[in-house]
Amino acid sequence: MKKALFIDCCLRKGSNTKKLAEEFFKELKDYEVEALVLENENLKPLVGEFFESRQELLEKDDRTHPRFRYAYQIKDADLVVIAAPFWDLSFPALLKIYIENISVDGITFGSTEDGLVGLCKANNLIYLTTRGGFYKDDPMEQAIPHLNALSKFFGFKNFKYIAADGMNVQGFDSKKSLEDAMAQARDLAKSL
């Protein structure tokens, strides 16, 4: 059976982004879903001794250390789904720390004479998000360009996203916006 990796960065109780993800996974068939709830992981930024120990492992060409498990997990997935709310024009810092930890030369990407090449096997990286305001096609929205670039860097053939806007705008029908995004999520899941 194919394996879907669900990277859950939905940090609030009652998260609208989590509701959107749940709708997606209700309709996803033929995949075994492995959920990685980032707030439950002991993720650390690459600084100080933590950074230095990683560099030593890479210099020794030792990619079997348990700290690289997240990189192998995403590399080996057949489908990757990230759910994270829109925060501070992007996504929560916790997701960025996770990305730092999975960006490993020789696991998720490789260096060649011609440049960098992605090594992840999944065809699709899907991003599900909800945003308090209206950010469709807004240059201030930095999560989607970042994750789209990351998908190319890691070798995913397709990057797709679904966003529900206006969740915190008074007088706007945020419930309908979320329902519309949920319908899109269900349709996307059925198409995979």
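Modeller: Let us begin with two terms: helices (H or I, at least four residues) and strands (E, at least two) are DSSP runs, numbered from the N terminus, and two strands pair if DSSP finds at least two bridges between them. This is a predicted model, in which local features need pLDDT of at least 70 and side-chain atom pairs count only at pLDDT 80 or more, while totals for chains, interfaces and linings use all residues. Residues are numbered from 1 along each chain as its sequence is written, and side-chain values use heavy atoms, with hydrogens and water left out.

Colleague: Through how many residues does the hairpin join strand 4 to strand 5?

Modeller: Strands of a sheet pair through backbone hydrogen bonds, either parallel or antiparallel. Here the hairpin connects strand 4 with strand 5 through two residues. Strand 4 (residues 109-112) and strand 5 (residues 115-118) are antiparallel, with four bridges. Phenylalanine 109 lies opposite glycine 118, and glycine 110 has valine 117 as its bridge partner.

Colleague: What is the order of the strands in the open sheet?

Modeller: The open sheet has five strands in the order 2-1-3-6-7, paired in parallel. Strand 2 and strand 7 (158-164) are at the edges with a single partner strand each, so one side of each has no neighbour in the sheet. From one strand to the next, the twist averages 15°; angles run from 0 to 180 degrees between N-to-C directions, and axes are lines fitted to C-alpha atoms, for helices over the stretch in contact. Seven bridges link strand 6 (residues 124-130) and strand 7 in the parallel sense, and one of the pairs is leucine 128 with isoleucine 162.

Colleague: Which residues of helix 1 meet helix 6?

Modeller: Two packed helices are described by the angle between their axes and the distance between the axes. For helix 1 (residues 16-27) and helix 6 (residues 174-191), the axes come within 7 Å and cross at roughly 30°. Contact means heavy atoms within 4.5 Å. From helix 1, Asn16, Lys19, Leu20, Glu23, Phe24 and Glu27 meet residues of helix 6, including Leu178, Met182 and Arg186.

Colleague: Which residues of helix 3 are buried?

Modeller: An α-helix has 3.6 residues a turn, so residues three or four places apart point the same way. Buried means under 20% relative accessible area, exposed over 50%, and partly exposed in between (1.4 Å probe, protein chains only). In helix 3 (residues 69-76), the buried residues are Tyr70, Ala71, Gln73 and Ile74. Viewed down the axis of helix 3, they fall within an arc of 160°, so they line one face of the helix; the arc is that of the directions from the helix axis to the C-beta atoms. These buried residues pack against strand 1 (2-8), strand 2 (31-37), strand 3 (79-83) and helix 4 (93-102).

Colleague: Is phenylalanine 6 buried or exposed?

Modeller: Phenylalanine 6, in strand 1, is buried, with a relative accessible area of 7%. Leaving aside neighbours within four places in sequence, its contacts include Ala21, Phe25, Leu36 and Val81. Phenylalanine 6 and leucine 36 are 30 residues apart in sequence, yet 6.0 Å apart in space, C-alpha to C-alpha.

Colleague: What is the phi of aspartate 30, and where is this residue found?

Modeller: Aspartate 30 has a phi near 65°, a positive value in a residue other than glycine. Aspartate 30 belongs to the loop between helix 1 and strand 2 and counts as exposed, at 57% relative accessibility.
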